[in-house]
Amino acid sequence: MDLSILWYLVPSVIMFVCGVYGFVTRKNLIAMLISLELMLNSADLNFVVFNRFLFPGSMEGMVFTLFSIAIAAAETAIAIAIIINIYRAIGNTDVREINKLKH
Amino acid sequence: MDITLPILILAIPITMFLVLGIGGVKMSRKLAGVLGICGLGTTAVLAYIVAFTYYFSGDPLFILDGVRQQYQVFDVTWLAFTQRLVVNLGFLLDPISAMMLIVITTISFMVHLYSWGYMEHEPGFQRYYAFLSLFTFSMLGLVVATNIFQMYIFWELVGVSSYLLIGFFYKLPSAVSASKKAFIVTRFADLGFLIGILVLSYFTDTFNFITLTQNPESVLGSTGGATFMGASALTWAMVLIFTGGMGKSAMLPLHIWLPDAMEGPTPVSALIHAATMVVAGVYLVARMFPVYCVVPSSLTFVTVVGAITAFYAAAVACAQIDIKRILAFSTISQIAFMMVSLGVAYDQPIEGVHYSGLGYMASMFHLFTHAMFKALLFLGAGALIHAVHSNNYTAMGGLYKYMPITHWTFLIGCLAIAGIPPFSGFFSKDEMLAAMYANNWVWGAWMSMVAGLTAFYMFRMYFLVFWWKENPHYKEHRPHDAPWQMSLPLIILAAVSCVAGFIPFGEFITWNGEPYHIHLEAPVAITSIIIALIGIFIAFKLYFKENSVPTRLKNMMPTLWEAAHRRFYWDEIYQFITHKIIFGIICRSIAWFDRHVIDATMDGMAWIAQRASASIKGMQNGAIQAYVIWYFMGAVVLAAITWLCLI
Amino acid sequence: MFGNILIWFVIIPIIMMAGLGLCRNSNMKAIRAVMVVCSVALLGLAIWLCCDFLRLRGMGDESEMLFTGSWMWYAPLNIHLAVGVDGISVLMLLLSAVIVFAGTIASWQINPLPKNFFLWFALLSTGVFGFFISIDMFTMFMFYEVALIPMYLLIGVWGTGRKEYSAMKLTLMLMGGSAFLMLGLLGIFWHSAPEGGQLTWNILEISHNASIDPSWQNMLFCFTFVGFGVLGAMFPFHTWSPDGHACAPTAVSMLHAGVLMKLGGYGCFRIAIFLLPQAANELAWIFIILTGISIVYGAFSACVQTDLKYINAYSSVSHCGMVLFAILMLNTTAMTGAIMQMLSHGLMTALFFALIGMIYGRTHTRDIRQMGGLMQIMPYLGVCYMIAGFASLGLPGLSGFVAEMTIFFGAFQDSDLFHRIFVICACSAIVTTAVYILRVVGKLLLGPVHDEHHRQLTDATWWERLSTVTLIVCIAGIGCFPNWINETIQHSFQPIIAAIQGAI
C-alpha cells in the first residue's frame with residue numbers, strides 16, 4: 001500500500017495541536033515541557049516527511065531532524081534544570097506562580 | 001595735517017584707562033592720580049594745539065577763501081556692512097569739533113585736578129581715574145566722529161562711562177539704581193537713534209557726515225517720497241535721531257535720569273552731567289544741521305521739545321532742596337535753550353535778512369559758555385558739599401564768610417547763568433534770544449520768561465546757601481574753603497566765565513563756515529537784562545535774610561509746590577509704567593506663559609506618552625500561557641492574511 | 001587620509017578619550033594633563049587652520065571649500081566621510097576650540113568621577129568638531145547625534161537640581177528635533193540628483209546639480225529648519241534650554257550654549273537654506289515671525305527670572321533667535337551678522353556660564369535674591385561678569401555690538417514693511433537686554449552685601465582667571481577688530497547668496 005503524505009501530516013498536526021493544548025492548559029511546568037516536546041516532535045516529523053516526499057534524493061531534512069533532536073535534548077536538560085531551580089526557590093512548579101517577568 | 005597728534009589725543013586717555021583699570025589695584029593712590037592728571041594734561045595740551053592750528057593756522061585745508069572747511073584727518077575702515085555702507089573710524093576737524101575738543105579737555109582736566117582733592121579719601125580712587133579717562137576718550141571720540149555710526153559707537157561708550165561713574169559709590173543702593181536708570185533711559189533713546197540711523201543710511205547709503213551735510217538735497221533725493229504714517233521717511237529718520245539726542249540731553253520726557261544721576265561724585269556731575277555728555281544731543285543736532293534744514297518739520301519738533309523742557313525744568317528747579325538737583329534741572333533747562341536756538345535757526349529770510357545760522361552760532365556759543373560756568377557751579381557745589389557733608393541747602397546758609405573763594409566763584413557762575421553782563425552767559429543767551437525773536441516772537445517771549453525764571457532759581461539757591469541765616473551746626477564743625485587742588489579749578493573756570501563772552505565766537509563757528517559778525521541787539525539785550533534783574537531781585541527779597549515769606553508762599557499753594565517738588569510726578573509715571581505694566585504685566589505674563597503653556601505642552605506630550613504606555617503595559621502580565629495564546633492568535637491571523645493574499 | 005588637517009579635529013578628541021581611558025580615576029593630575037594637552041593641541045590646530053585658510057584665500061584660492069577630502073564609508077547609500085571648510089566653518093572650529101579649552105580649564109576641580117566626566121566631554125567635542133568639518137549630510141547628522149547623546153549623561157550625572165528631569169527633557173526634545181531633521185535629510189538625499197543620477201549626501205554636489213521640486217522643497221525646508229531650529233532654541237521649541245542649562249554642570253553649559261546651540265544656526269543655513277533656496281525664499285516669513293517672537297519673548301522672560309542660569313538661558317533664547325532671524329533675512333550682511341552673533345554669543349555665554357559656575361561654587365546659590373554686593377567680595381569675578389554683561393547688551397568694543405549692528409543693518413536692507421517691522425521689534429531687544437543685564441548686575445554685584453557669610457568667600461583662582469581671560473580676550477578682539485572676520489564670512493556666503501538669488 002502506497003501511503004500518501006497525508007498519512008504522515010495528519011498525525012503530525014494532531015500531535016502539534018495536542019502540544020499546544022497541553023502547553024496552554026497545564027499548570028505544571030513539567031507537563032508544559034512535555035507538551036513542548038510534543039510540538040517539537042511534530043515539527044521534526046514534518047521535516048522528515050517533506051524531505052522524503054518533496055526531495056527524495058537529498059538528505060538535508062533528515063540531518064536537520066537529527067540536529068533538532070539533539071538540540072531538543074539539550075534544551076530539555078536546561079529547562080529541567082531551570083524547573084528544578086524554580087522548585088527549590090518557590091517550592092512548587094505551578095506556572096501561575098512564576099510571573100516575576102511582568103512589566 | 002600730521003595724524004600723530006589726533007591719534008595721541010584719542011590714544012592717551014584710552015591707554016590711561018587700560019593702565020589704571022588693569023594695573024590700578026597694584027598702584028598707590030598718588031601714582032594713579034598723578035598718572036591720570038598728567039595723561040589728561042598732555043591730552044589737553046595736544047587738543048589745544050590741534051584746535052588752535054585749525055582756527056588760526058590759515059592752512060587752506062582748514063580755511064579756504066574765508067570759509068572754514070571740514071577736514072578728515074584720518075578715516076579708516078572699521079567694519080564694512082555692505083560695499084557702500086562702511087563704518088569708518090576717523091577724526092573730523094571742523095569748527096564745532098575743534099571747539100568741543102577745547103571744552104572737553106579743559107573741563108576734564110579741571111575735574112581731574114579737582115578730584116584729586118575731592119576724592120582723596122574715597123576707596124577706589126584708581127578706578128575713579130580709570131573711568132574718567134574712559135569717559136574722556138569716549139567723549140573725544142564722539143565729537144571727532146567722521147560719520148554718524150562712529151558717533152553712535154562712542155555715544156554708547158559715553159553712556160556706559162556715565163553708568164560706571166554714576167554708580168561709582170556702588171555700595172549705595174541709590175547710586176546703583178540711579179546708574180541703572182540713567183543707562184536704561186538713555187538706551188531707550190538710543191534705540192530711536194539707532195532706528196533713525198538705519199532709516200537714514202538705507203536711503204542715503206552713507207554714514208559720512210561730510211557726504212550727508214555738504215549737499216543734503218542731492219543725497220537725500222533718493223528717499224523717493226517714501227512715507228510712513230503720513231510723514232516722510234526722512235522726517236522720521238531725523239526725528240528718531242533727535243530722540244537719541246533727547247535721551248542724552250535729558251529732554252522731556254526722557255529727562256528723568258539726569259536728576260538721579262547726581263548720585264555720582266560731584267566732579268563727575270560737573271564733567272558729564274553738566275558740561276560735556278549732556279550736550280551731546282545738541283552737538284548731534286548741530287552736526288546734522290544741514291540735513292535737519294532739509295526737513296524743517298523735524299526742526300520744529302526740536303524747538304517745541306526744547307521750549308517745553310526749558311520751562312518745565314526751570315519750574316521744577318524753583319522747588320528743589322538738593323543743590324545738585326537744582327543745578328541738574330538748570331542744566332536741563334539750559335540745554336533746552338540750546339535746542340530751541342538750533343530749532344529756530346533754519347534758513348528763513350525775515351524782512352530780507354537771512355537769520356539762518358544765528359541760532360546755530362548762538363547755540364554753540366552757549367554750549368561753550370554754559371560748559372564753563374556750569375562746571376564751575378557744580379565744582380562749587382562740590383566744595384560746599386565737601387564742607388558741610390550734605391547736599392541740601394537746609395544744611396547750609398550764611399556760608400559767605402566761611403568759604404570766600406567758593407562764594408565769589410559761585411556768585412560769578414550764578415551771574416553768568418542769569419545773563420548779567422559782562423559775564424559770558426549774557427552774550428550767548430542774548431544771541432540765542434535774538435535768534436528766537438527773529439524766528440517768531442512767541443518763542444522769544446517764552447524763552448525770555450524761562451531766562452527770568454533761571455535768574456530767580458539760581459539766586460534763590462545762591463542766597464539760601466550763602467546768606468539766609470547761619471546754620472547752627474557750624475559751631476561743631478566749622479566749614480572752610482577747599483584745598484588748592486579744588487580751589488584752583490574754581491578760580492580758573494570763574495576767570496573763563498568772566499571773559500569768555502568777549503570771544504568773537506561768530507568768527508570761528510557758524511553753520512556754513514563763513515564768519516558771522518556778532519552785534520548786540522539792543523532791544524533784546526536790554527529786555528533780557530531787565531528780566532534777569534527782576535528775577536534776581538525777587539530772589540533777593542525772598543531769600544536774602546531769614547523770613548517767613550517763602551514758607552507762607554509755599555503754604556498758599558501747597559499742591560503746586562508739592563507737584564513742582566516732586567518734578568510733576570514724571571518719576572511716578574515712569575515707575576508705574578515700568579514696574580507695574582512692563583515688569584508686572586508683560587514680563588510676568590510672558591514668563592508665566594512660557595512655564596505654563598509652552599513648557600506645559602512639551603511636558604504634556606511626555607505625559608501622554610507615559611499614560612499611553614501605562615495603559616497598555618497590562619498586556620505584559622508575566623503569565624506565559626497568555627503570551628502563547630496571543631502568539632498563536634497572531635500566527636493564525638498572519639497565516640490567514642497570507643492565505644487570502646495568495647488566492 | 002591623515003594628511004588632511006581637518007581629520008585631526010576628530011582624531012585629537014579620540015586620542016583624548018584613549019588617553020583618559022589609560023588614566024586611573026583617582027589620578028587627577030594625569031587626567032588634567034591629558035585634557036590640557038589635547039585641548040591646547042586643538043586650539044593650536046584651529047589657529048593654524050585659520051592662518052592657513054587665510055593664507056590660501058590670500059593667495060587667490062577661490063574654491064568654495066578648502067582642505068576638502070572624501071572617503072567612501074558605506075557604498076550602497078553613497079555615504080562618504082567628506083570634509084571641507086569655508087571661512088564660516090573655520091571660525092566655528094576656532095570658537096569651539098576656544099570654548100573646549102576654556103571649559104576644560106573651568107572644570108579643573110570637577111567632582112565626582114573626573115575621568116568619566118572628561119570622557120563624555122571629549123566625546124561631545126568630537127561630535128561638535130566633526131559636525132563643523134563635514135560636508136556630507138549623513139556624517140554631519142551622525143556627528144550631530146554624537147554631540148547630543150553625551151549631554152544626557154553629563155547633565156544627568158554631574159548636574160545640579162532637577163537634573164534627571166532636565167537631562168531627559170533636553171535629550172528628548174533634541175531627539176525629537178533630529179527626527180524631523182532625519183526626515184528632511186533623507187528627503188534631500190532622495191532628490192539629490194536628477195532622474196537616474198547617482199544620489200549623494202554631499203552638500204556641494206547637491207547644491208550644484210539638484211533642483212528639488214518646489215513642493216518637496218517646502219516640506220523639506222520645514223523639516224530641516226525646525227530640526228535645526230530646535231537646537232537653536234527657536235520659539236516655541238526652546239523650553240529645553242532654560243531647564244537644561246540650569247541643571248548642567250559649568251563646562252557643559254559652556255559648551256552647550258557656546259557651541260552646540262550654534263550647530264542649529266549653522267545647519268539652518270548650510271543645509272536648509274543652501275540646499276533648498278526656493279523654499280527659503282518662499283517660507284522665510286513663517287520663521288521670521290517665530291524667531292522674531294523668540295528675540296522679544298526671550299528678552300522679556302529673562303527680565304523676571306531670579307535664577308542666574310535661567311536668566312542666561314532666556315537671554316540665549318533671545319540671542320540665538322537673533323541668529324536665526326538674521327539668517328532668514330537672506331542677504332549677505334544680515335547672514336554675516338548671524339555668524340558674528342554666533343561667535344559673539346558663543347564666547348559671551350560661555351563666559352557667563354563659567355562665571356555663574358564659579359559664583360555658584362562659592363555661594364552655593366544661584367538665586368539673585370540671596371546674593372548681593374559680590375563686587376566687594378570677589379572683585380575679579382564681578383568685573384568679568386560686568387564685562388560679559390556689557391558684551392551681551394551690545395557695548396561697542398565688545399563682540400555683541402558688532403554682531404547686532406551687522407544684523408540690524410543687514411536686515412534693514414529688505415525694503416518691505418513686514419521685514420521692517422520685525423527688524424524694529426528685534427532692535428527693541430537692545431533695551432530689554434540692558435534691563436535684565438543691569439538688573440542682575442545691580443542685584444548680584446553692586447549694592448550692600450546681602451549675606452554676611454559671603455564675606456569669607458575668596459576671589460578667583462588661577463585656572464578660573466585663565467579660563468575667563470581667554471574668553472574676554474576673544475570677545476574684545478572681535479569687538480575691536482571685526483573687519484577681517486567680517487570679510488572672511490562675507491566671502492564664504494557668496495555661494496549661498498548665489499543659490500538664493502538664483503532661486504527667486
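User: In this predicted model, which residue of S2(C) is the bridge partner of Gly69(C)?

Analyst: Strand S1 of chain C covers residues 66–74, and it pairs with S2(C) in the antiparallel sense over 6 bridges. Gly69(C) has its bridge partner in S2(C), and that partner is Val83(C).

User: Which residue takes a positive phi in the hairpin of S1(C) and S2(C)?

Analyst: The hairpin has 4 residues between the strands. A phi near 60° is found there at Asn78(C).

User: How many residues of strand S2 of chain C are buried?

Analyst: Strand S2 of chain C runs over residues 79–85 and is mostly covered. A residue counts as buried if 20 or more other C-beta atoms lie within 10 Å of its own. Of the 7 residues in S2, the number buried is 6.

User: Why is chain A described as more spread out than a compact globule?

Analyst: Chain A has 3 helices and 0 strands, in the pattern α-α-α along the sequence. For 103 residues the globule rule gives 13 Å, and chain A is well over that, so it is more spread out than a compact globule, with a radius of gyration of 17 Å.

User: What percentage of the residues in chain A is buried?

Analyst: The C-alpha trace of chain A spans about 55 × 30 × 25 Å along its principal axes. Of the 103 residues in the chain, the buried ones make up 7%.

User: How many charged residues are on the side of chain A that touches chain B?

Analyst: In chain A, 10 residues are in contact with 10 residues of chain B. The chain A side divides into 5 nonpolar and 2 polar residues, and the charged ones number 3.

Conventions
Residues are numbered from 1 along each chain as its sequence is written. Chains are lettered from A and ligands numbered from 1 in the order in which they are written. This is a predicted model: local features need pLDDT of at least 70, side-chain atom pairs count only at pLDDT 80 or more; totals for chains, interfaces and linings use all residues. Two residues are in contact if their C-beta atoms, placed from the backbone, lie within 7 Å. Ala, Val, Leu, Ile, Met, Phe, Trp, Tyr, Cys and Pro count as nonpolar, Asp, Glu, Lys and Arg as charged, and the others, Gly among them, as polar. A residue is buried if 20 or more other C-beta atoms lie within 10 Å of its own, exposed if 12 or fewer, and partly exposed in between; C-beta atoms are placed from the backbone. Helices (H or I, at least four residues) and strands (E, at least two) are DSSP runs, numbered from the N terminus. Two strands pair if DSSP finds at least two bridges between them. The radius of gyration is taken over C-alpha atoms; the globule rule is 2.2 Å times the number of residues to the power 0.38.
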